[in-house]
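Please review the following briefing on a predicted protein model.

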Amino acid sequence: MLAAYLLAALAISSTAHGQGGTTSPKRGLVYVPSDKHPDDDSIWESPTSDLTWYYNYQSTPSPAFSNSSKLQFVPMLFGASDSTSTSGPSFLDDVTAQIKAGADIKYVLAFNEPDGQDNGGSGVPADLAAQTWIKEIEPLKKQGVKLGAPAVTGAPNGFTWLENFFKECNGNCTVDFIPVHWYGNFEGLAGHLGQVRGTYPNKTIWVTEFANNDVSLAESQGFYNSSSQYFDRLDYVTHYSYFGSFRSDVSNVGANAAMLTQSGKLTDIGSWYLGGVATGNKPGAAGRNTVFAGAGLLVGLVSVWCLV
């Protein structure tokens, strides 16, 4: 724990107001393509982008990236239902079919914020999640796929939910890494990561959603710089994806956290995240009643837990 705080302090002290040209193989993309702005898809796969993987809260790839040679798709089982009636293939069937078709599926994610529901969380009880995991996710281990634990919120009840999940699994859920979500300042993020690491010391960590929501542009930029430098220093953080791959006028975490302006140009954060230099493009404020929902079919899937 002390080492984590020392690294956090180092990250803060070494972060200037700007950053540019830094790349990282750990960086990925959490992205729901926009029906309104399909041209935005190509931004994330530009020749200079350093992104290596992505997820979209679904079990199948986004059509825009289905033939991508750069972005490795990571399927997610978003939620679970206790209904006996099903429509279409199961998560296990979906992923297995992709593997048989030649897709390079190395990892899967599970249960987006099951301990929450108000802001797009899946709201899955721990016992149902364990039952679903054993049926739909655990068999993928035999196919060489590494399994991510349920991606709980950064709230205290997230730890409780995850503890209950493992109890319900009764030793039948094999987890290779722990996904983390965080919304708030950098100091809170560093402390939360330290707590996760202390709770699960033998597991690597993926930070699959993070941003400092509803703060000034300078605060958003400082948070991004500090966080990305911190993640790159930590050997147990193997993957991270910033929550901001949308236009600023549809952001539900504040316009200043977005990686694109309202006209679809890369902001400083967006350019830095792709390994570029500052653009000077300022994000415009979101409309009063606007929230980010990505494609129309995925309204409510993207979630935020704000800790202040």
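The points below are grouped by topic.

This is a predicted model, in which local features need pLDDT of at least 70 and side-chain atom pairs count only at pLDDT 80 or more, while totals for chains, interfaces and linings use all residues. Residues are numbered from 1 along each chain as its sequence is written, and side-chain values use heavy atoms, with hydrogens and water left out.

**Overall fold**
- The protein chain contains seven helices and nine strands, taken as DSSP runs (helices H or I, at least four residues; strands E, at least two) numbered from the N terminus.
- Of its 308 residues, 55% count as buried (under 20% relative accessible area, 1.4 Å probe, protein chains only).
- Among contacts (heavy atoms within 4.5 Å) with a separation of 6 or more, 72% join residues 24 or more positions apart.

**Nonpolar core**
- The largest nonpolar core has 82 residues; such a core is a set of buried Ala, Val, Leu, Ile, Met, Phe, Trp, Tyr and Cys residues joined through side-chain atoms within 4.5 Å.
- Trp44, Phe165 and Leu193 touch the most other members, and helix 3 (residues 126-137) gives the most to this core, with six residues.
- Beyond its neighbours within four places in sequence, Trp44 is in contact with residues including Leu29, Phe65, Met259 and Leu274.

**Helix 5 and helix 6**
- Helix 5 (residues 186-199) and helix 6 (residues 217-233) pack at about 25 degrees, with their axes 10 Å apart; helix 5 and helix 6 are therefore roughly parallel (under 35 degrees).
- Phe186, Leu189, Ala190 and Leu193 in helix 5 meet Phe223, Ser226, Ser227, Tyr230 and Phe231 in helix 6.

Terms used:
Axes are lines fitted to C-alpha atoms, for helices over the stretch in contact, and angles run from 0 to 180 degrees between N-to-C directions. Angles under 35 degrees count as roughly parallel, over 145 as roughly antiparallel, 65 to 115 as roughly perpendicular and the rest as oblique. Buried means under 20% relative accessible area, exposed over 50%, partly exposed in between (1.4 Å probe, protein chains only).
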